[in-house]
Amino acid sequence: MAAEYVNIDIGDIGSALKLLANVYPDARRALAEFVSNSADAFSITERSGNWRGWVCKIILDERKGNITVSDNASGISYEELVRIPPHVALSSKRGDLEAKGHKAIGLLAFASFCERMAIVSRLEGSKETYRAEWSQDSLKDPKRFPVKIELETKDPRRSPGTDVYLQKLFKDKMHQLKKQKIIEFLKAEFSPDLREKKYELFIIDGEDRVKVEPGRYSGVSFPTLKLQTTKKEPIDLDLYISQKPGFQRVGLFIRGKKVIEDISTYPDFQNHPWNSGQIVGEISCNFLKPITGRTGGVESGPEWLRFVEVIRSIEQELATFIEKISEEQKEKQAHRIFKELNQALSYVIAKLKWDELPKSSGLKGGNGELMQKGSGGVGPGSGGGGKGGKDENPSLPFRMPRLIDPTKARQKGAKSGPVFNWREVEFEPDAMNFRSRYVPPAALIEINSAHEDYISEREKEDSHRNYLTRLAAKELTLINFRDMGDIELTERMVQLETALAKYFKK
């Protein structure tokens with residue numbers, strides 16, 4: 001039997017059209033297709049030598065269940081309105097690397113969230129307005145219910161441009177099409193265009209008119225802004241390192257439209273630093289080809305491989321930059337906690353009234369007074385406390401000038417108080433087991449930055465503060481009670497640590 005050759009064809013055109021219409025699970029993404037068409041119309045009109053302030057308006061009418069997308073571009077001719085219905089998937093913009101749309105299925109998106117669509121347009125230079133009416137039936141049975149195209153006489157446009165009337169929204173889609181949800185979606189979806197001010201985008205709800213501004217990213221800007229593939233294809237970066245790591249994402253944009261929400265969801269980028277939760281921003285790459293699907297994406301092939309190769313080439317640079325920013329943030333965090341600790345010490349020491357404590361029965365060497373000068377130069381009067389280094393009141397806790405930043409020179413006449421200088425420093429090899437130490441001449445508490453406890457505890461601000469609070473309690477009680485016996489020392493350390501903990505709970 002001879003081989004038989006059978007052409008692939010669409011067995012049920014209505015079913016195929018409905019499938020294409022429902023590739024948009026989110027009604028906002030379907031609505032965005034009409035904004036994309038306006039953006040493309042602006043671009044094409046401008047490239048033809050005609051320009052005016054481009055504006056796209058989304059007008060909401062929740063009471064009637066309608067949405068209108070209106071623009072002031074060059075409009076659509078009667079011939080083009082007639083050409084569109086029988087040419088689904090054959091776009092006139094195919095090959096235009098500046099156009100967002102090139103698959104000719106975007107108009108079908110209406111059927112995923114509403115019953116009917118009417119396109120009303122007036123072409124630049126024409127006095128006539130034409131109307132094309134599409135419906136759910138036009139997709140289900142296109143031969144029986146063709147798209148109706150006629151001259152608009154009832155309400156013609158007065159100026160060039162296009163109005164798309166999306167009528168009878170589905171009730172189960174209404175919650176996705178609330179004003180604020182649309183704004184949040186569009187400011188991310190069209191962020192590059194809005195940031196470059198290619199056009200203005202407004203959401204109008206009755207008397208309320210809101211201009212959609214581009215999404216803003218917080219964090220430290222990554223200095224590399226542009227890359228090139230081996231074929232000199234440009235890639236633009238707008239990346240930021242978040243100072244508060246969390247669920248941060250990097251989106252991929254093609255021709256100003258987001259096609260991937262988070263590149264770390266792709267196997268090629270499921271690694272550090274993309275999945276670190278610390279990078280947020282945008283990558284723009286116009287030579288890639290977006291696919292049609294329920295979650296969007298990019299066609300695989302040589303273009304994608306070149307893109308991946310270039311983006312992965314900056315991973316080490318990004319990781320180093322993240323580490324640098326993270327370390328700077330931790331240093332700022334430490335300085336902020338040091339200041340808070342000095343304020344806390346100033347407050348709680350006055351409440352403890354250590355100067356009123358009785359003589360300690362556990363004092364080494366007999367009946368010495370509380371707070372007497374200890375060995376090694378730690379205690380009241382040593383290390384420069386008071387005027388001229390003299391101990392004016394040996395019964396008071398150790399007091400030093402209020403100096404917070406150890407890099408600054410000591411100020412004369414500074415207010416006295418139980419306040420210290422602080423510094424993070426890696427201790428010498430023979431002192432690596434110590435977590436902290438006190439340096440009397442500078443009234444300085446040094447924190448061993450290389451100790452494994454400190455490295456782990458400084459990852460989160462709360463644990464960082466708790467750790468430094470314990471070290472502060474240790475050092476201050478050693479300064480004042482080191483010669484008064486283990487019981488007195490530990491009691492006072494617990495007392496001070498408890499008082500500091502209560503202070504920070506306020």
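Select helices α2 (residues 27-47) and α5 (residues 179-189): their axes come within 10 Å and cross at roughly 60°. Axes here are lines fitted to C-alpha atoms, for helices over the stretch in contact, and angles run from 0 to 180 degrees between N-to-C directions. Helices (H or I, at least four residues) and strands (E, at least two) are DSSP runs, numbered from the N terminus. The model is predicted: local features need pLDDT of at least 70 and side-chain atom pairs pLDDT 80 or more, while totals for chains, interfaces and linings use all residues. Residues are numbered from 1 along each chain as its sequence is written, and side-chain values use heavy atoms, without hydrogens or water.

The two helices are therefore oblique to each other, a class left for angles that are not under 35 degrees (roughly parallel), over 145 (roughly antiparallel) or 65 to 115 (roughly perpendicular). Display next the residues in contact (heavy atoms within 4.5 Å): Arg28, Arg29, Leu31 and Ala32 of α2 meet Lys181, Ile182, Phe185, Leu186 and Glu189 of α5.

Now show the open sheet with the order β5-β4-β3-β6-β2-β1-β7-β8, whose eight strands have mixed pairing; two strands pair if DSSP finds at least two bridges between them. β5 (148-151) and β8 (208-211) each have a single partner strand, so one side of each lacks a neighbour in the sheet. On average, neighbouring strands are turned by 15° against each other, direction ignored. Within this sheet, β1 (residues 55-61) and β7 (residues 200-205) pair in the parallel sense over six bridges, and Cys56 has Leu201 in β7 as its bridge partner. Helix α5 packs on the sheet, where it touches β1, β7 and β8, its direction making about 170° with that of β7.

Of its 51 residues, Phe34, Ile58, Trp134, Leu166 and Leu186 touch the most other members. Helix α2 gives the most to this core, with eight residues.

Finally, select the open sheet of three strands in the order β17-β19-β18, again of mixed pairing. Its edge strands are β17 (421-425) and β18 (436-439). β17 and β19 (residues 444-448) pair in the parallel sense over five bridges. Helix α8 (residues 315-352) lies across β17 and β19, at about 150° to β17. Helix α10 (residues 461-481) touches β17, β18 and β19.

Notes:
Core = buried A, V, L, I, M, F, W, Y, C linked by side-chain atoms within 4.5 Å. Buried < 20%, exposed > 50% of the residue type's maximum accessible area, 1.4 Å probe, protein only.
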